[in-house]
Amino acid sequence: MNQVNKNTPQVLIVGAGPSGLMMACQLASFNIGLRIIDKKQLPSSHSGAMIMHARSIEIFDQMGLAQMMIGKGRIVNGLSVYFNGKKSVQFDLRGIGHTLTQFPFMLMLEQSETEAILIGYLQQKGIQVEWDTELINLVQLEHGVDAELILSDGSREKVIADYLVAADGGKSTVRSFLKIPFKGKSHNTFLSVMECDADILSPPDQLLFSFSGQATTGFFPLQKGNWRIDAAIRRMRASRRLSFYSVQEKFNRKTSLNANIRNPGWFSVFYSHSRNALFYRVHRCFLIGDAAHLFTPVGGQGMNTGLHDAHNLAWKLAMVLKGNMPTSVLGTYQSERKPVAIRTCHASDRFFKLAASGSIVYTLFRKFLLPPLLKLFFKIMKVKRVSDFVFKKIAGLEISYPENSLNIKDTESVLASAPNPGERVPYFSYPDTGGRVVSINEKLSGTKFNLIIFEGDGSSKGELPGVVKRFSNSVSAHVIPLNHDTADLYVRFAIKKQGWYMVRPDQFIACRSVEPGAEKLLTCLQQLFIHNRNGTESSP
(Lines give C-alpha, C1' and ligand atoms only; values in the text may rest on other atoms or scores of the structure.)
Protein backbone atom coordinates (compact mmCIF):
# COMPACT_ATOMS: atom_id res chain seq x y z
CA MET A 1 0.00 0.00 0.00
CA ASN A 2 0.98 3.66 -0.08
CA GLN A 3 3.75 4.60 2.31
CA VAL A 4 1.95 6.65 4.94
CA ASN A 5 3.63 9.42 6.88
CA LYS A 6 2.81 8.47 10.45
CA ASN A 7 1.92 12.03 11.41
CA THR A 8 -0.11 12.84 8.29
CA PRO A 9 -2.24 9.82 7.35
CA GLN A 10 -5.07 10.31 4.92
CA VAL A 11 -7.49 8.75 7.41
CA LEU A 12 -7.20 8.26 11.18
CA ILE A 13 -9.52 5.58 12.54
CA VAL A 14 -10.27 5.70 16.26
CA GLY A 15 -11.44 2.33 17.54
CA ALA A 16 -10.44 -1.19 16.47
CA GLY A 17 -13.59 -3.19 17.07
CA PRO A 18 -15.34 -4.86 14.11
CA SER A 19 -16.55 -1.55 12.60
CA GLY A 20 -13.19 0.21 12.85
CA LEU A 21 -11.31 -2.83 11.56
CA MET A 22 -13.71 -3.17 8.62
CA MET A 23 -13.17 0.51 7.84
CA ALA A 24 -9.42 0.02 7.85
CA CYS A 25 -9.64 -3.10 5.66
CA GLN A 26 -11.86 -1.38 3.11
CA LEU A 27 -9.59 1.69 2.90
CA ALA A 28 -6.50 -0.53 2.67
CA SER A 29 -8.01 -2.29 -0.36
CA PHE A 30 -8.11 1.15 -2.05
CA ASN A 31 -4.48 1.77 -1.10
CA ILE A 32 -5.40 4.67 1.19
CA GLY A 33 -2.83 5.72 3.81
CA LEU A 34 -4.31 5.18 7.27
CA ARG A 35 -3.69 4.67 10.94
CA ILE A 36 -5.99 2.75 13.26
CA ILE A 37 -5.70 3.17 17.02
CA ASP A 38 -7.49 1.79 20.07
CA LYS A 39 -7.12 2.63 23.74
CA LYS A 40 -7.57 -1.06 24.65
CA GLN A 41 -4.37 -2.97 25.20
CA LEU A 42 -5.49 -6.00 23.18
CA PRO A 43 -8.29 -7.07 20.82
CA SER A 44 -11.39 -8.84 22.13
CA SER A 45 -10.97 -12.30 23.63
CA HIS A 46 -14.67 -13.15 24.15
CA SER A 47 -17.75 -13.99 22.10
CA GLY A 48 -19.18 -10.44 22.14
CA ALA A 49 -21.29 -9.74 19.04
CA MET A 50 -21.45 -13.19 17.49
CA ILE A 51 -24.35 -13.27 15.02
CA MET A 52 -23.30 -12.54 11.44
CA HIS A 53 -26.08 -11.98 8.91
CA ALA A 54 -26.10 -12.67 5.18
CA ARG A 55 -25.43 -9.12 3.99
CA SER A 56 -22.34 -8.92 6.20
CA ILE A 57 -21.08 -12.27 4.90
CA GLU A 58 -21.51 -10.94 1.35
CA ILE A 59 -19.18 -8.07 2.25
CA PHE A 60 -16.61 -10.48 3.64
CA ASP A 61 -16.96 -12.57 0.49
CA GLN A 62 -16.13 -9.49 -1.59
CA MET A 63 -12.92 -9.31 0.48
CA GLY A 64 -12.15 -13.02 -0.06
CA LEU A 65 -12.75 -13.83 3.63
CA ALA A 66 -16.20 -15.44 3.71
CA GLN A 67 -15.07 -19.06 3.51
CA MET A 68 -12.54 -18.53 6.29
CA MET A 69 -15.29 -17.07 8.47
CA ILE A 70 -17.69 -19.90 7.72
CA GLY A 71 -14.94 -22.41 8.52
CA LYS A 72 -14.33 -20.82 11.93
CA GLY A 73 -18.01 -20.26 12.72
CA ARG A 74 -21.16 -22.33 12.87
CA ILE A 75 -24.19 -22.04 10.58
CA VAL A 76 -27.49 -21.76 12.44
CA ASN A 77 -29.79 -24.50 11.13
CA GLY A 78 -32.65 -24.15 13.58
CA LEU A 79 -34.02 -22.74 16.79
CA SER A 80 -36.06 -23.96 19.74
CA VAL A 81 -38.30 -21.95 22.05
CA TYR A 82 -39.12 -23.02 25.60
CA PHE A 83 -41.85 -21.70 27.87
CA ASN A 84 -41.57 -22.39 31.61
CA GLY A 85 -38.97 -25.09 31.01
CA LYS A 86 -40.89 -27.00 28.34
CA LYS A 87 -40.20 -26.99 24.61
CA SER A 88 -43.02 -25.28 22.77
CA VAL A 89 -41.72 -24.58 19.25
CA GLN A 90 -38.90 -25.92 17.11
CA PHE A 91 -38.18 -24.49 13.68
CA ASP A 92 -35.84 -25.64 10.91
CA LEU A 93 -34.12 -22.67 9.24
CA ARG A 94 -32.61 -24.67 6.40
CA GLY A 95 -34.06 -23.92 2.98
CA ILE A 96 -34.90 -20.29 3.73
CA GLY A 97 -33.50 -17.51 1.53
CA HIS A 98 -31.72 -19.67 -1.05
CA THR A 99 -32.86 -17.52 -3.97
CA LEU A 100 -31.86 -14.29 -2.22
CA THR A 101 -28.16 -14.68 -1.48
CA GLN A 102 -25.20 -17.00 -1.76
CA PHE A 103 -25.23 -17.16 2.06
CA PRO A 104 -28.82 -17.99 3.11
CA PHE A 105 -28.15 -18.41 6.82
CA MET A 106 -27.06 -16.79 10.06
CA LEU A 107 -23.49 -17.50 11.09
CA MET A 108 -22.42 -17.78 14.71
CA LEU A 109 -18.88 -16.46 14.91
CA GLU A 110 -17.36 -15.13 18.09
CA GLN A 111 -16.35 -11.46 17.94
CA SER A 112 -12.79 -12.38 18.87
CA GLU A 113 -12.60 -14.53 15.72
CA THR A 114 -14.13 -11.81 13.52
CA GLU A 115 -11.59 -9.30 14.80
CA ALA A 116 -8.71 -11.75 14.35
CA ILE A 117 -9.69 -12.33 10.69
CA LEU A 118 -9.86 -8.59 10.00
CA ILE A 119 -6.57 -7.94 11.81
CA GLY A 120 -4.95 -10.66 9.71
CA TYR A 121 -6.26 -8.98 6.54
CA LEU A 122 -4.71 -5.69 7.63
CA GLN A 123 -1.40 -7.31 8.46
CA GLN A 124 -1.25 -8.73 4.93
CA LYS A 125 -1.61 -5.13 3.74
CA GLY A 126 1.25 -4.06 6.00
CA ILE A 127 -0.96 -2.29 8.57
CA GLN A 128 -0.74 -2.81 12.32
CA VAL A 129 -3.39 -1.78 14.83
CA GLU A 130 -1.87 0.61 17.37
CA TRP A 131 -3.15 -0.74 20.69
CA ASP A 132 -2.96 1.14 23.99
CA THR A 133 -3.10 4.41 22.04
CA GLU A 134 -5.72 6.98 22.99
CA LEU A 135 -7.13 10.08 21.34
CA ILE A 136 -7.04 12.89 23.91
CA ASN A 137 -7.90 15.91 21.76
CA LEU A 138 -8.99 16.88 18.27
CA VAL A 139 -9.49 20.12 16.40
CA GLN A 140 -11.08 20.35 12.98
CA LEU A 141 -9.14 22.40 10.46
CA GLU A 142 -10.25 23.64 7.06
CA HIS A 143 -8.29 20.95 5.23
CA GLY A 144 -7.84 18.28 7.89
CA VAL A 145 -8.20 17.11 11.48
CA ASP A 146 -5.59 17.93 14.12
CA ALA A 147 -5.53 15.03 16.62
CA GLU A 148 -3.45 14.53 19.75
CA LEU A 149 -2.66 10.99 20.86
CA ILE A 150 -1.15 9.49 23.97
CA LEU A 151 0.91 6.43 23.09
CA SER A 152 1.51 3.19 24.96
CA ASP A 153 4.79 4.52 26.42
CA GLY A 154 3.03 7.62 27.80
CA SER A 155 4.41 10.02 25.21
CA ARG A 156 2.20 12.34 23.19
CA GLU A 157 1.98 12.69 19.43
CA LYS A 158 0.36 15.18 17.06
CA VAL A 159 -1.37 13.79 13.97
CA ILE A 160 -2.95 15.73 11.12
CA ALA A 161 -5.22 13.56 8.99
CA ASP A 162 -7.38 14.45 6.00
CA TYR A 163 -10.32 12.70 7.68
CA LEU A 164 -11.10 11.02 10.99
CA VAL A 165 -13.48 8.08 11.46
CA ALA A 166 -14.84 7.41 14.94
CA ALA A 167 -15.46 3.72 15.65
CA ASP A 168 -14.90 4.07 19.39
CA GLY A 169 -18.15 2.68 20.70
CA GLY A 170 -21.20 3.83 22.61
CA LYS A 171 -19.13 6.06 24.91
CA SER A 172 -17.35 7.62 21.95
CA THR A 173 -14.65 10.13 22.83
CA VAL A 174 -14.83 11.59 19.34
CA ARG A 175 -18.57 12.12 19.58
CA SER A 176 -18.02 13.94 22.88
CA PHE A 177 -15.32 16.16 21.38
CA LEU A 178 -17.67 17.03 18.52
CA LYS A 179 -20.52 17.70 20.98
CA ILE A 180 -22.94 15.55 18.98
CA PRO A 181 -26.13 14.73 20.93
CA PHE A 182 -26.73 11.00 21.39
CA LYS A 183 -30.50 10.87 21.63
CA GLY A 184 -32.53 7.91 22.80
CA LYS A 185 -33.13 5.94 25.98
CA SER A 186 -31.72 3.33 28.30
CA HIS A 187 -33.90 0.36 29.21
CA ASN A 188 -34.37 -0.56 32.85
CA THR A 189 -34.14 -4.28 32.03
CA PHE A 190 -30.86 -5.60 33.39
CA LEU A 191 -28.93 -8.08 31.21
CA SER A 192 -26.20 -10.54 32.08
CA VAL A 193 -23.97 -12.16 29.46
CA MET A 194 -21.82 -15.18 30.27
CA GLU A 195 -19.78 -17.93 28.71
CA CYS A 196 -20.11 -21.14 30.72
CA ASP A 197 -21.05 -24.82 30.77
CA ALA A 198 -24.73 -25.75 31.00
CA ASP A 199 -26.86 -28.89 30.96
CA ILE A 200 -28.81 -28.01 27.84
CA LEU A 201 -29.88 -30.72 25.42
CA SER A 202 -29.76 -28.82 22.15
CA PRO A 203 -27.87 -29.53 18.91
CA PRO A 204 -24.71 -27.44 18.39
CA ASP A 205 -26.17 -25.83 15.25
CA GLN A 206 -29.31 -24.48 16.93
CA LEU A 207 -30.24 -21.47 19.02
CA LEU A 208 -32.41 -21.87 22.09
CA PHE A 209 -34.62 -19.20 23.62
CA SER A 210 -36.43 -19.60 26.91
CA PHE A 211 -39.26 -17.60 28.50
CA SER A 212 -40.59 -17.87 32.02
CA GLY A 213 -42.43 -15.57 34.36
CA GLN A 214 -39.12 -14.53 35.92
CA ALA A 215 -36.54 -14.65 33.11
CA THR A 216 -35.85 -14.44 29.38
CA THR A 217 -32.75 -16.23 28.15
CA GLY A 218 -30.94 -17.02 24.92
CA PHE A 219 -28.44 -19.88 24.50
CA PHE A 220 -25.81 -19.73 21.76
CA PRO A 221 -23.46 -22.73 21.34
CA LEU A 222 -19.75 -21.88 21.20
CA GLN A 223 -17.08 -23.71 19.23
CA LYS A 224 -15.35 -25.06 22.32
CA GLY A 225 -18.49 -26.91 23.41
CA ASN A 226 -19.81 -24.54 26.08
CA TRP A 227 -22.48 -21.85 25.84
CA ARG A 228 -22.85 -18.11 25.46
CA ILE A 229 -25.93 -17.19 27.50
CA ASP A 230 -27.76 -13.84 27.47
CA ALA A 231 -30.24 -13.47 30.33
CA ALA A 232 -32.73 -10.90 31.56
CA ILE A 233 -33.66 -11.98 35.09
CA ARG A 234 -36.44 -10.15 36.87
CA ARG A 235 -35.75 -8.25 40.08
CA MET A 236 -32.00 -8.14 39.56
CA ARG A 237 -30.00 -4.93 39.48
CA ALA A 238 -26.58 -4.26 38.00
CA SER A 239 -23.83 -3.80 40.55
CA ARG A 240 -20.06 -3.70 40.50
CA ARG A 241 -20.14 -6.54 43.02
CA LEU A 242 -22.35 -8.70 40.81
CA SER A 243 -20.60 -11.84 39.63
CA PHE A 244 -21.42 -15.04 37.79
CA TYR A 245 -21.94 -16.78 41.13
CA SER A 246 -24.48 -14.21 42.33
CA VAL A 247 -26.44 -14.76 39.09
CA GLN A 248 -25.99 -18.54 39.07
CA GLU A 249 -28.53 -19.50 41.76
CA LYS A 250 -31.22 -17.11 40.53
CA PHE A 251 -30.67 -18.20 36.92
CA ASN A 252 -31.19 -21.92 37.61
CA ARG A 253 -34.30 -21.23 39.69
CA LYS A 254 -36.02 -18.49 37.66
CA THR A 255 -35.54 -19.95 34.15
CA SER A 256 -37.20 -23.29 35.07
CA LEU A 257 -34.67 -25.03 32.82
CA ASN A 258 -32.50 -26.89 35.34
CA ALA A 259 -29.59 -25.71 33.22
CA ASN A 260 -27.05 -26.00 36.05
CA ILE A 261 -24.80 -23.27 34.65
CA ARG A 262 -21.19 -23.55 35.87
CA ASN A 263 -17.49 -23.10 35.03
CA PRO A 264 -17.71 -19.42 34.04
CA GLY A 265 -15.44 -17.75 31.54
CA TRP A 266 -16.37 -14.28 30.31
CA PHE A 267 -19.07 -12.54 32.37
CA SER A 268 -20.59 -9.10 31.83
CA VAL A 269 -23.63 -7.13 32.98
CA PHE A 270 -25.24 -4.09 31.40
CA TYR A 271 -28.41 -2.17 30.66
CA SER A 272 -29.49 -2.08 27.04
CA HIS A 273 -29.71 1.20 25.11
CA SER A 274 -31.53 2.53 22.05
CA ARG A 275 -29.73 5.66 20.85
CA ASN A 276 -28.84 7.51 17.67
CA ALA A 277 -26.38 10.34 17.10
CA LEU A 278 -27.97 13.52 15.81
CA PHE A 279 -25.22 13.79 13.18
CA TYR A 280 -23.07 11.06 11.62
CA ARG A 281 -20.71 13.62 10.12
CA VAL A 282 -19.29 16.94 11.26
CA HIS A 283 -17.04 18.45 8.57
CA ARG A 284 -14.13 15.98 8.28
CA CYS A 285 -15.13 13.62 11.10
CA PHE A 286 -17.48 10.65 10.72
CA LEU A 287 -19.19 8.32 13.20
CA ILE A 288 -19.72 4.62 12.45
CA GLY A 289 -20.95 1.62 14.42
CA ASP A 290 -21.81 2.06 18.10
CA ALA A 291 -20.37 5.57 18.06
CA ALA A 292 -23.27 6.48 15.75
CA HIS A 293 -26.04 4.22 17.07
CA LEU A 294 -26.84 1.73 19.82
CA PHE A 295 -29.45 -1.01 19.53
CA THR A 296 -30.88 -3.57 21.92
CA PRO A 297 -29.34 -7.03 21.39
CA VAL A 298 -32.52 -8.51 19.85
CA GLY A 299 -31.83 -9.66 16.31
CA GLY A 300 -28.06 -9.26 16.54
CA GLN A 301 -28.08 -6.11 14.41
CA GLY A 302 -25.53 -3.87 16.17
CA MET A 303 -22.26 -5.21 14.79
CA ASN A 304 -23.77 -5.97 11.39
CA THR A 305 -25.03 -2.40 11.01
CA GLY A 306 -21.60 -1.07 11.97
CA LEU A 307 -19.93 -3.24 9.34
CA HIS A 308 -22.36 -1.87 6.75
CA ASP A 309 -21.59 1.70 7.87
CA ALA A 310 -17.91 1.12 7.20
CA HIS A 311 -18.61 -0.52 3.85
CA ASN A 312 -20.76 2.43 2.79
CA LEU A 313 -18.35 5.17 3.86
CA ALA A 314 -14.97 3.69 2.92
CA TRP A 315 -15.32 3.69 -0.88
CA LYS A 316 -16.70 7.24 -0.82
CA LEU A 317 -13.75 8.48 1.24
CA ALA A 318 -11.32 6.59 -0.97
CA MET A 319 -12.64 7.97 -4.23
CA VAL A 320 -12.70 11.51 -2.86
CA LEU A 321 -9.12 11.16 -1.61
CA LYS A 322 -8.04 9.81 -4.99
CA GLY A 323 -9.63 12.81 -6.71
CA ASN A 324 -12.09 10.71 -8.70
CA MET A 325 -15.32 11.91 -7.05
CA PRO A 326 -16.38 15.29 -5.65
CA THR A 327 -16.46 15.81 -1.87
CA SER A 328 -20.24 16.19 -2.09
CA VAL A 329 -20.49 12.39 -2.26
CA LEU A 330 -19.50 12.27 1.43
CA GLY A 331 -22.83 13.86 2.31
CA THR A 332 -24.59 10.71 1.15
CA TYR A 333 -23.09 8.69 4.02
CA GLN A 334 -25.42 10.18 6.62
CA SER A 335 -28.41 10.43 4.29
CA GLU A 336 -28.10 6.74 3.42
CA ARG A 337 -27.04 5.15 6.69
CA LYS A 338 -28.90 7.12 9.36
CA PRO A 339 -32.41 6.16 8.19
CA VAL A 340 -31.34 2.50 8.19
CA ALA A 341 -30.06 2.81 11.76
CA ILE A 342 -33.22 4.60 12.93
CA ARG A 343 -35.46 1.87 11.51
CA THR A 344 -33.29 -0.84 13.03
CA CYS A 345 -33.23 0.93 16.38
CA HIS A 346 -37.02 1.21 16.52
CA ALA A 347 -37.55 -2.42 15.48
CA SER A 348 -35.04 -3.88 17.94
CA ASP A 349 -36.47 -1.68 20.68
CA ARG A 350 -40.01 -2.98 20.13
CA PHE A 351 -38.95 -6.63 20.05
CA PHE A 352 -36.75 -6.19 23.11
CA LYS A 353 -39.71 -4.95 25.12
CA LEU A 354 -41.82 -7.89 23.96
CA ALA A 355 -39.07 -10.36 24.84
CA ALA A 356 -37.50 -8.98 28.00
CA SER A 357 -39.39 -6.10 29.60
CA GLY A 358 -40.35 -6.73 33.22
CA SER A 359 -43.57 -4.70 33.05
CA ILE A 360 -46.79 -6.55 33.92
CA VAL A 361 -48.21 -5.97 30.41
CA TYR A 362 -45.30 -7.60 28.60
CA THR A 363 -45.00 -10.36 31.21
CA LEU A 364 -48.66 -11.31 30.65
CA PHE A 365 -48.12 -11.10 26.88
CA ARG A 366 -45.25 -13.61 27.06
CA LYS A 367 -47.24 -15.91 29.34
CA PHE A 368 -50.54 -16.07 27.47
CA LEU A 369 -50.15 -14.71 23.93
CA LEU A 370 -46.59 -15.36 22.82
CA PRO A 371 -46.74 -19.22 22.75
CA PRO A 372 -49.71 -19.48 20.37
CA LEU A 373 -48.49 -16.53 18.31
CA LEU A 374 -45.08 -18.15 17.79
CA LYS A 375 -46.68 -21.43 16.73
CA LEU A 376 -48.81 -19.57 14.20
CA PHE A 377 -45.84 -17.51 13.01
CA PHE A 378 -43.67 -20.56 12.31
CA LYS A 379 -46.53 -22.18 10.40
CA ILE A 380 -46.84 -19.08 8.23
CA MET A 381 -43.05 -19.06 7.77
CA LYS A 382 -43.40 -22.25 5.71
CA VAL A 383 -44.83 -20.06 2.93
CA LYS A 384 -41.84 -19.05 0.79
CA ARG A 385 -42.98 -15.49 0.18
CA VAL A 386 -43.33 -14.93 3.93
CA SER A 387 -40.02 -16.58 4.84
CA ASP A 388 -38.20 -14.60 2.13
CA PHE A 389 -39.69 -11.35 3.44
CA VAL A 390 -38.64 -12.10 7.03
CA PHE A 391 -35.19 -13.33 5.99
CA LYS A 392 -34.50 -10.20 3.95
CA LYS A 393 -35.46 -8.00 6.89
CA ILE A 394 -33.25 -9.81 9.39
CA ALA A 395 -30.34 -10.44 7.01
CA GLY A 396 -30.04 -6.82 5.83
CA LEU A 397 -30.89 -7.69 2.21
CA GLU A 398 -33.87 -5.35 2.02
CA ILE A 399 -31.76 -2.23 2.63
CA SER A 400 -32.06 0.37 -0.11
CA TYR A 401 -31.05 3.99 -0.33
CA PRO A 402 -33.41 6.83 -1.31
CA GLU A 403 -32.84 9.31 -4.09
CA ASN A 404 -29.60 11.25 -3.82
CA SER A 405 -26.76 12.33 -6.07
CA LEU A 406 -25.63 8.71 -6.46
CA ASN A 407 -28.97 7.48 -7.81
CA ILE A 408 -29.63 8.76 -11.30
CA LYS A 409 -33.22 8.71 -12.51
CA ASP A 410 -34.36 6.72 -15.51
CA THR A 411 -35.05 8.52 -18.78
CA GLU A 412 -36.92 5.57 -20.28
CA SER A 413 -39.69 3.22 -19.19
CA VAL A 414 -38.47 0.23 -17.17
CA LEU A 415 -40.48 -2.77 -16.00
CA ALA A 416 -41.51 -2.58 -12.34
CA SER A 417 -39.92 -5.99 -11.69
CA ALA A 418 -36.43 -4.68 -12.52
CA PRO A 419 -33.99 -3.79 -9.71
CA ASN A 420 -34.00 -0.03 -9.12
CA PRO A 421 -31.26 2.55 -8.50
CA GLY A 422 -30.53 2.61 -4.78
CA GLU A 423 -31.23 -1.11 -4.36
CA ARG A 424 -28.70 -3.88 -3.73
CA VAL A 425 -27.93 -5.71 -6.95
CA PRO A 426 -29.96 -8.95 -6.75
CA TYR A 427 -28.29 -12.29 -6.31
CA PHE A 428 -28.47 -14.36 -9.49
CA SER A 429 -26.45 -17.41 -10.50
CA TYR A 430 -25.95 -18.67 -14.04
CA PRO A 431 -23.41 -20.71 -16.08
CA ASP A 432 -20.58 -18.62 -17.52
CA THR A 433 -18.93 -19.25 -20.87
CA GLY A 434 -16.83 -22.05 -19.37
CA GLY A 435 -19.86 -23.80 -17.91
CA ARG A 436 -19.02 -22.87 -14.31
CA VAL A 437 -21.98 -21.66 -12.27
CA VAL A 438 -21.25 -18.13 -11.06
CA SER A 439 -23.24 -15.39 -9.38
CA ILE A 440 -23.39 -11.93 -10.82
CA ASN A 441 -22.00 -10.68 -7.48
CA GLU A 442 -18.72 -12.51 -8.10
CA LYS A 443 -18.02 -10.28 -11.09
CA LEU A 444 -18.30 -7.04 -9.15
CA SER A 445 -15.19 -5.21 -8.00
CA GLY A 446 -15.16 -3.80 -4.48
CA THR A 447 -12.80 -0.96 -5.40
CA LYS A 448 -14.50 0.40 -8.53
CA PHE A 449 -17.91 1.08 -9.94
CA ASN A 450 -19.04 -1.81 -12.10
CA LEU A 451 -20.70 -1.42 -15.48
CA ILE A 452 -22.64 -4.57 -16.32
CA ILE A 453 -23.09 -4.51 -20.09
CA PHE A 454 -25.89 -6.64 -21.49
CA GLU A 455 -24.64 -6.77 -25.08
CA GLY A 456 -27.41 -8.94 -26.53
CA ASP A 457 -26.42 -11.47 -29.21
CA GLY A 458 -23.07 -9.72 -29.75
CA SER A 459 -23.85 -8.61 -33.29
CA SER A 460 -23.13 -5.04 -32.27
CA LYS A 461 -20.46 -4.23 -29.68
CA GLY A 462 -21.63 -0.63 -29.40
CA GLU A 463 -19.86 2.34 -27.88
CA LEU A 464 -20.10 1.42 -24.19
CA PRO A 465 -16.62 -0.11 -23.68
CA GLY A 466 -15.04 2.93 -25.31
CA VAL A 467 -16.88 5.30 -22.98
CA VAL A 468 -15.81 3.28 -19.93
CA LYS A 469 -12.13 3.50 -20.90
CA ARG A 470 -12.27 7.26 -20.33
CA PHE A 471 -13.19 6.55 -16.69
CA SER A 472 -10.97 3.52 -16.15
CA ASN A 473 -9.65 4.78 -12.81
CA SER A 474 -13.08 4.32 -11.28
CA VAL A 475 -15.09 1.97 -13.49
CA SER A 476 -14.63 -1.58 -14.70
CA ALA A 477 -16.83 -3.21 -17.34
CA HIS A 478 -18.34 -6.71 -17.35
CA VAL A 479 -19.94 -7.94 -20.57
CA ILE A 480 -22.74 -10.52 -20.39
CA PRO A 481 -23.86 -11.88 -23.77
CA LEU A 482 -27.39 -13.11 -24.41
CA ASN A 483 -27.56 -16.87 -24.79
CA HIS A 484 -29.48 -19.83 -23.44
CA ASP A 485 -27.63 -19.71 -20.10
CA THR A 486 -28.08 -15.99 -19.49
CA ALA A 487 -31.60 -15.51 -20.83
CA ASP A 488 -33.15 -15.60 -17.36
CA LEU A 489 -30.62 -13.03 -16.15
CA TYR A 490 -31.72 -10.67 -18.92
CA VAL A 491 -35.34 -11.17 -17.83
CA ARG A 492 -34.47 -10.50 -14.17
CA PHE A 493 -32.86 -7.17 -15.13
CA ALA A 494 -35.66 -6.34 -17.62
CA ILE A 495 -33.28 -6.23 -20.60
CA LYS A 496 -34.95 -7.18 -23.87
CA LYS A 497 -31.96 -6.93 -26.19
CA GLN A 498 -29.28 -4.58 -24.91
CA GLY A 499 -28.73 -2.34 -21.91
CA TRP A 500 -26.55 -1.75 -18.87
CA TYR A 501 -26.50 -1.34 -15.09
CA MET A 502 -23.98 0.74 -13.12
CA VAL A 503 -23.26 -0.82 -9.71
CA ARG A 504 -21.40 0.94 -6.89
CA PRO A 505 -18.42 -0.71 -5.11
CA ASP A 506 -20.76 -1.66 -2.24
CA GLN A 507 -23.02 -3.52 -4.72
CA PHE A 508 -25.88 -1.02 -4.81
CA ILE A 509 -27.22 0.15 -8.17
CA ALA A 510 -26.43 3.74 -9.15
CA CYS A 511 -28.08 3.99 -12.58
CA ARG A 512 -29.30 1.84 -15.46
CA SER A 513 -30.55 1.79 -19.01
CA VAL A 514 -32.62 -0.93 -20.67
CA GLU A 515 -31.91 0.50 -24.10
CA PRO A 516 -28.74 0.45 -26.22
CA GLY A 517 -26.68 3.57 -26.69
CA ALA A 518 -23.90 5.36 -24.87
CA GLU A 519 -25.35 8.84 -24.43
CA LYS A 520 -27.04 8.19 -21.08
CA LEU A 521 -24.00 6.29 -19.80
CA LEU A 522 -21.71 9.24 -20.56
CA THR A 523 -24.14 11.59 -18.79
CA CYS A 524 -24.16 9.33 -15.71
CA LEU A 525 -20.39 9.02 -15.62
CA GLN A 526 -19.93 12.76 -15.92
CA GLN A 527 -22.42 13.30 -13.09
CA LEU A 528 -20.74 10.79 -10.79
CA PHE A 529 -17.05 11.43 -11.41
CA ILE A 530 -14.69 14.36 -11.71
CA HIS A 531 -13.58 14.73 -15.31
CA ASN A 532 -11.37 17.06 -17.29
CA ARG A 533 -12.43 19.37 -20.13
CA ASN A 534 -11.42 16.75 -22.66
CA GLY A 535 -13.93 14.37 -21.11
CA THR A 536 -11.47 12.00 -19.46
CA GLU A 537 -11.48 11.23 -15.78
CA SER A 538 -9.14 13.13 -13.48
CA SER A 539 -6.20 11.13 -12.21
CA PRO A 540 -5.22 11.21 -8.54
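Which residues of strand 11 (residues 156–161) are on its covered face, and which on its uncovered one? Glu157, Val159 and Ala161 form the covered face; Arg156, Lys158 and Ile160 form the uncovered one.

## Basis

This is a predicted model, in which local features need pLDDT of at least 70 and side-chain atom pairs count only at pLDDT 80 or more, while totals for chains, interfaces and linings use all residues. Residues are numbered from 1 along each chain as its sequence is written, and side-chain values use heavy atoms, with hydrogens and water left out.

Helices (H or I, at least four residues) and strands (E, at least two) are DSSP runs, numbered from the N terminus. Two strands pair if DSSP finds at least two bridges between them.

## Strands 10 and 11

Strand 11 pairs with strand 10 (residues 145–150) in the antiparallel sense over six bridges. Ile150 stands opposite Arg156 of strand 11. The hairpin of the two strands has five residues between them, and Gly154 takes a positive phi near 90° there.

## Helices 8 and 9

Helix 8 (residues 331–356) packs against helix 9 (residues 360–380) at an angle of about 75°, and their axes are 7 Å apart. Axes are lines fitted to C-alpha atoms, for helices over the stretch in contact, and angles run from 0 to 180 degrees between N-to-C directions. The two helices are therefore roughly perpendicular to each other (65 to 115 degrees).

Lys353, Leu354, Ala355 and Ala356 of helix 8 make the contact with Tyr362, Phe365 and Arg366 of helix 9 (heavy atoms within 4.5 Å). By class, this contact has five nonpolar, no polar and two charged residues. Ala, Val, Leu, Ile, Met, Phe, Trp, Tyr, Cys and Pro count as nonpolar, Asp, Glu, Lys and Arg as charged, and the others, Gly among them, as polar.

An open sheet of four strands has the order 24-23-25-26, with mixed pairing. Its edge strands, strand 24 (475–481) and strand 26 (509–513), each pair on one side only. Neighbouring strands are turned by 15° against each other on average, direction ignored.

Strand 23 (residues 449–456) pairs with strand 24 in the parallel sense over seven bridges, and Leu451 has Ala477 of strand 24 as its bridge partner. Helix 13 (residues 519–528) packs on the sheet and touches strand 23, strand 24, strand 25 (499–503) and strand 26. The direction of helix 13 makes about 10° with that of strand 25.

## Nonpolar cores

A nonpolar core is a set of buried (under 20% relative accessible area, 1.4 Å probe, protein chains only) Ala, Val, Leu, Ile, Met, Phe, Trp, Tyr and Cys residues joined through side-chain atoms within 4.5 Å. The largest has 101 residues, and Met23, Leu27, Phe449 and Met502 have the most contacts inside it. Helix 7 (residues 302–321) gives the most to this core, with 10 residues. Apart from it lies another core, of 28 residues, including Ile51, Val81, Leu222 and Leu374.

Conventions. Buried < 20%, exposed > 50% of the residue type's maximum accessible area, 1.4 Å probe, protein only. Parallel < 35°, antiparallel > 145°, perpendicular 65-115°, else oblique.
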